[in-house]
Amino acid sequence: MELVQEEPSLNGDVEEDNDIENDNDGDLSGDIPLRETGHKRAHFPAVRKKAYIFDGYGEFYNKEWDLTEGTGIEFCWYHVELPKGNHKLSQVAQYLIDVLCPPLKLQDILSLVSNGPFCGHVDGALVYRVNSPGPASSDFTFRIAARITENSVITVSLGRVPRLGFSPMGESLLSEVPRVESPSYVRGERKDGGGIVIREHVLEFLLTMNHSEGCDNPVPRTVSNLVVHIIDTHVDQLQDVVTKLELELDSVEIEMDKGGFALKKQMLDDRRFPKLHLNLQRLLQVIAHGEQVFPRVKEKCSSKRWFANEDIISLEELIGRLRRLKENVGFIANRVTAIQAGLDSWQAEQINRKLYYLSFLSIIFLPLSIITGAFGMNVGGVPWTGQRDPALKNGFRNVLLLCVAMLFLVLLCFSFPAIYARIDSWRRQRALRRSWSLNRKSFLKRTTSAGPERGGYHKI
């Protein structure tokens, strides 16, 4: 089996698929085999690849996936979009080796795919990565890595990154007249109005963004513009996640105010807020990685002659946005903690109420159980039973005396610490009074014995 690479499509996406069609529906298989090395091949879901070439004048074109660099003021961009799934890191590295080698070497692949933050020069190229170590299938796991040279940029991301592409010249989504997705029918006939259909998921995406005015990205003219654009989209993606969390918390608070016992119990059983708090910690980890990496990227890019000064200023603004975003995530974590504390107090109140009912029932049935136990003893002399045997008439009285003695012993055991503390306090006070009395008598004795001899004060 060999890899079959499709020609670049109009949107710049180059997808790899198997050359074996499905017998049932004729679709291409989504598994992509690795290069054979004498053992069984590993298979991956379809991974998207994008290849662009920029002319340096604000125009870009699709190109083949040949990993070549541009010449002159031209520069190339190669992007690999890894699927979200429970794949091992070694499997992802094998696939990147298959699509990026050659010309990349093993050290380049490891610097792009490893977990954790990194920024440095690898084989003459500037490489940075912000890869969180969480599960790849989680919505709060983000991975973005880039290899930057003077005339080419290679990026690897986990899943789709919003706003990473570019709008064709003269085709702005925000400047179009929108219309609803569902068609309108008049007397059974469909009427197509003017404008562009805006689907529901696109509207939800635009409404949750704080940067809808920039959803049509300008085409970069230099490599530095492209680097700023890649980091900007990463920060925007984090901002979108934080905005969705804020909206979700607002709706949850409204539901909790209106909801009753069943809703709160369901939230506690689902452990909704502890899971959300864990996801927030993962998000904070990603932001912390960005705080470590992007200042170093700015420092290393400032020494490059091909990196523009205005793009250095843009990187500083993005670093400031990331710090403010970290503070915002901290506020959301505090809100989640407060909501969880409210649910915990509500649960404790419910438990206390049930214990109150249980104690009330025990108050009712405890005297009955005492009476039942007393009159159910198999001894003689129990009142109102008609037992007249003189040899057994003192049995009930003796048992009651034994019960009173046991009760007194139990109460003494429970009250022994308080009695001991009271006795110890009394002994200390008695010793203190005795010591004060002895000191007073000694003082009076000294003053009375020395009084007649002194007769007053002596001159010094």
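Select Ser111 first: leaving aside residues up to four places away in sequence, it touches Phe118, Val122, Val127 and Arg129. Contact here means heavy atoms within 4.5 Å. Ser111 sits in helix H2, residues 106–113. Helices are DSSP runs of H or I with at least four residues, strands are runs of E with at least two, and both are numbered from the N terminus. Ser111 counts as buried because its relative accessibility is 6%. The classes are buried under 20% relative accessible area, exposed over 50% and partly exposed in between, with a 1.4 Å probe and protein chains only.

Before moving on, some ground rules. This is a predicted model, where local features need pLDDT of at least 70 and side-chain atom pairs count only at pLDDT 80 or more, while totals for chains, interfaces and linings use all residues. Residues are numbered from 1 along each chain as its sequence is written, and side-chain values use heavy atoms, with hydrogens and water left out.

**Next: the loop between H1 and H2**

Select Pro102, in the loop between helix H1 (89–100) and H2. The peptide bond that runs from Cys101 to Pro102 is cis, with omega near -20 degrees. Now step to Pro103, also found in the loop between H1 and H2. Pro102 and Pro103 are joined by a cis peptide bond, with omega about 10 degrees.

**Next: positive phi**

Most residues other than glycine have a negative phi, and most peptide bonds are trans. Select Leu67, in the loop between strand S6 (60–62) and strand S7 (75–82). Leu67 is not glycine, yet its phi is positive, near 60 degrees. Leu67 is buried, at 10% relative accessibility.

Jump to Arg271, in the loop between helix H5 (261–270) and H6. Arg271 has a positive phi as well, near 55 degrees. Its relative accessibility is 47%, so Arg271 counts as partly exposed.

**Next: H4 against H6**

Two packed helices are described by the angle between their axes and the distance between the axes. Select H4 (residues 223–258) and H6 (residues 272–301): their axes come within 12 Å and cross at roughly 160 degrees. Axes are lines fitted to C-alpha atoms, for helices over the stretch in contact, and angles run from 0 to 180 degrees between N-to-C directions. H4 and H6 are therefore roughly antiparallel. That label takes angles over 145 degrees; under 35 is roughly parallel, 65 to 115 roughly perpendicular, and the rest oblique.

Show side chains. On H4, the contact residues include Ile231, His234, Leu238 and Glu248; on H6, they include Arg272, Phe273, Leu276 and Phe294. The residues of this contact divide into 16 nonpolar, one polar and three charged. Here Ala, Val, Leu, Ile, Met, Phe, Trp, Tyr, Cys and Pro count as nonpolar, Asp, Glu, Lys and Arg as charged, and the others, Gly among them, as polar.

**Last stop: cysteines**

Select Cys76: at 1% relative accessibility, Cys76 is buried. Finish on Cys413, which is exposed, with a relative accessible area of 52%.
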